[in-house]
Amino acid sequence: MNQLEQLKQFTTIVADTGDFQSMKAFAPRDATTNPSLILKAVQKDEYRPLLEQAVQQHGSKPVGEIIDHLLVAFGLEILKLIPGRVSTETDARLSFDTEGTIAKGRELIRLYEQADIPRQRILIKIASTWEGIRAAEVLEKEGIRCNMTLLFSLPQAVACADAGAQLISPFVGRIYDWYKKSTGEEYSGENDPGVQSVKGIYNYYRKFGYKTEVMGASFRNISQLTELAGCDLLTISPELLQKLAESDMPLSRKLSIESAQASDLEKLALDEKAFRLMLNDDAMATEKLAEGIRLFCADAVKLEKMIEALR
């Protein structure tokens with residue numbers, strides 16, 4: 001078996017792309033998108049018709065509503081190719097707006113259900129801010145499942161699980177980027193800070209019986225993926241999926257419930273004050289969360305400008 005086939009024995013594989021044509025070769029169960037991936041995709045000739053169609057059909061509506069229709073259009077195409085779930089992201093500019101995020105999550109689900117897609121096949125992606133986590137808590141109670149993104153720390157992960165979120169996406173590669181830049185060191189294997197972060201979160205969830213799924217995200221190399229074999233899910237770019245498929249190096253399970261339960265982790269008690277203080281004390285998580293929100297906001301603005309130019 002190649003490494004992709006081996007990895008599928010331990011972990012659910014998720015495609016991380018807006019280029020849904022590239023998914024066919026790798027047969028992932030689920031797929032994720034984000035504003036940056038959608039922006040990148042609509043600049044390609046094969047996907048531009050989705051953008052043009054959304055503007056043509058909904059051009060009289062506010063630009064935010066046109067983007068919602070575009071995101072759902074991508075989601076619908078992706079769902080034709082996978083058996084599982086697609087993640088669709090809320091506007092990053094709502095990251096500190098609980099009520100706005102709740103409204104956006106409900107609207108996206110409404111559009112999917114209007115297209116006869118059951119809500120069980122959709123994950124609404126929300127930034128793992130305190131406000132975003134509170135929104136997810138409300139949406140989950142309504143049967144709207146949430147994927148908590150831009151997650152860089154254990155306090156964020158614990159708060160998401162306490163809120164009953166369906167799934168979290170800790171960003172392995174961006175954690176690695178921060179430490180590599182701040183220390184000047186190269187990290188690999190189990191010494192990778194991004195890998196260590198996800199292992200810690202996985203072990204915490206399994207030790208204390210949380211049902212929230214852990215989906216490692218934002219990978220830079222194959223080593224990060226192989227070190228997390230056994231994680232519930234891994235969302236992987238087409239480029240790294242190709243590299244896994246081309247390698248036949250042996251791969252073994254690294255994360256398990258048994259090892260998690262044997263860990264010496266202590267349970268965290270988190271209210272809003274404790275959450276904000278612990279997040280503030282983590283320079284990497286604070287900086288990467290802020291940076292991630294800024295980048296997604298900037299790409300949302302670029303997408304809006306593309307839409308306005310077509311109206």
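This note goes through the nonpolar cores, aromatic pairs and helix contacts of a predicted model.

1. **Ground rules.** The model is predicted, so local features need pLDDT of at least 70, side-chain atom pairs count only at pLDDT 80 or more, and totals for chains, interfaces and linings use all residues. Residues are numbered from 1 along each chain as its sequence is written, and side-chain values use heavy atoms, with hydrogens and water left out.

2. **The largest core.** Start with the nonpolar core, meaning a set of buried Ala, Val, Leu, Ile, Met, Phe, Trp, Tyr and Cys residues joined through side-chain atoms within 4.5 Å. Buried means under 20% relative accessible area; exposed means over 50%, and partly exposed lies in between (1.4 Å probe, protein chains only). The largest such core has 98 residues. L70, F74, M148, I168, Y205, L228 and I236 have the most contacts inside it. Helix α4 (residues 63-79) gives the most to this core: ten residues. Helices are DSSP runs (H or I, at least four residues), as are strands (E, at least two), and both are numbered from the N terminus. In soluble globular proteins, nonpolar side chains tend to be buried together.

3. What does I236 touch? Its partners are L7, I13, V14, A15, D16, L225, L241 and L244, leaving aside residues up to four places away in sequence. A contact here means heavy atoms within 4.5 Å. Another core, of five residues, lies apart from the largest one; V14, L123, L167 and L233 are among them.

4. **Aromatic pairs.** How many aromatic pairs does the structure hold? There are nine. Rings of Phe, Tyr and Trp (its six-membered ring) pair if their centres lie within 6.5 Å; planes under 30 degrees apart count as stacked, over 60 as edge-to-face and the rest as tilted. Y47 and F74 form a tilted pair, 6.0 Å centre to centre, with 45° between the planes. This pair links distant parts of the chain, 27 residues apart. Y47 sits in the loop between α2 (35-42) and α3 (48-58), and F74 in helix α4. Y47 is buried at a relative accessible area of 1%, and F74 is buried at 0%.

5. **A tyrosine stack.** Y204 and Y210 form a stacked pair, 6.0 Å centre to centre, with 15° between the planes. Both Y204 and Y210 are buried. Ring pairs link Y204, Y205, F208 and Y210 into a cluster.

6. **α2 against α4.** The axes of α2 and α4 come within 12 Å and cross at roughly 80°. Axes are lines fitted to C-alpha atoms, for helices over the stretch in contact, and angles run from 0 to 180 degrees between N-to-C directions. α2 is therefore roughly perpendicular to α4. Angles of 65 to 115 degrees count as roughly perpendicular, under 35 as roughly parallel, over 145 as roughly antiparallel and the rest as oblique. I38, A41 and V42 of α2 meet L70, L71 and F74 of α4. The contact has six nonpolar, no polar and no charged residues. Ala, Val, Leu, Ile, Met, Phe, Trp, Tyr, Cys and Pro count as nonpolar, Asp, Glu, Lys and Arg as charged, and the others, Gly among them, as polar.

7. **α13 against α14.** Helix α13 (residues 272-281) packs on helix α14 (residues 283-310) at about 95°, with axes 5 Å apart. L279, N280 and D281 in α13 meet A283, A285, T286 and L289 in α14. By class, this contact has four nonpolar, two polar and one charged residues.
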